[in-house]
Amino acid sequence: MAETLIYTHPDCAYSSAAKMDYRKRKVQYTEIDLSKQADQIPSLLALTEGDRVTPVIVEDGVVIIGFKGGT
């Protein structure tokens with residue numbers, strides 16, 4: 001099974017939408033809440049080429065920056 005990570009922030013509506021979509025589709029994921037796990041910010045910045053943006057989804061090694069809604 002592929003591992004899915006979602007970097008989130010509680011003030012980000014797109015983070016909430018992404019998590020809701022993954023739950024709705026019954027896709028398991030690991031959430032990295034940057035407000036609680038600030039030590040993960042360097043990892044986020046490495047994935048986004050320095051942009052501090054959420055959500056960032058890493059699914060089976062593929063990085064998706066942002067969330068535009070479910071299918």
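**Note on the predicted model**

1. At 17% relative accessibility, T54 counts as buried, where buried means under 20% relative accessible area, exposed means over 50%, and partly exposed covers what falls in between (1.4 Å probe, protein chains only). T54 sits in the loop between α2 (41-47) and β3 (56-59); helices (H or I, at least four residues) and strands (E, at least two) are taken as DSSP runs and numbered from the N terminus. Once its neighbours within four places in sequence are set aside, T54 is in contact with Y7, T8, H9, C12, S15 and L34, contact meaning heavy atoms within 4.5 Å.

2. On the basis of the values, this is a predicted model, in which local features need pLDDT of at least 70 and side-chain atom pairs count only at pLDDT 80 or more, whereas totals for chains, interfaces and linings use all residues. Residues are numbered from 1 along each chain as its sequence is written, and side-chain values use heavy atoms, with hydrogens and water left out.

3. The sheet is open and is formed by 4 strands in the order β2-β1-β3-β4, with mixed pairing; two strands pair if DSSP finds at least two bridges between them. Its edge strands, each of which pairs on one side only, are β2 (30-33) and β4 (62-65). On average, and with direction ignored, neighbouring strands of this sheet are turned by 15° against each other.

4. Two of the pairings can be described individually. β1 and β3 pair in the antiparallel sense over 4 bridges, and L5 stands opposite V58 in β3. β3 and β4 are likewise paired in the antiparallel sense, over 4 bridges, and the bridge partner of I57 in β4 is I64. The hairpin of β3 and β4 has 2 residues between the strands, and in this hairpin D60 takes a positive phi near 55°.

5. Helix α1 (residues 13-24) lies across β1 (4-8), β2 and β3, and runs at about 155° to β1. For this angle, axes are lines fitted to C-alpha atoms, for helices over the stretch in contact, and angles run from 0 to 180 degrees between N-to-C directions.

6. How many salt bridges does the rule give? The count comes to 2 salt bridges, the rule being a side-chain nitrogen of Lys or Arg within 4 Å of a carboxyl oxygen of Asp or Glu. One of them joins the side chains of E31 and K19 at 3.1 Å, N to O, and this pair links distant parts of the chain, with E31 in strand β2 and K19 in helix α1, 12 residues apart. E31 counts as partly exposed at 31% relative accessibility, whereas K19, at 18%, counts as buried.

7. R25 forms a salt bridge with D21, and the closest N and O atoms of this pair are 2.9 Å apart. R25 is partly exposed, with a relative accessible area of 39%, while D21 is buried, with a relative accessible area of 8%.

8. The largest nonpolar core has 8 residues, namely L5, Y7, I32, L34, I41, L44, V56 and V58; such a core is a set of buried Ala, Val, Leu, Ile, Met, Phe, Trp, Tyr and Cys residues joined through side-chain atoms within 4.5 Å. At least two residues of this core come from each of β1, α2 and β3. A second, separate core of 5 residues includes I6, A18, Y22 and F67. Not counting residues up to four places away in sequence, I32 touches L5, I6, Y7, T8, Q37 and Q40.
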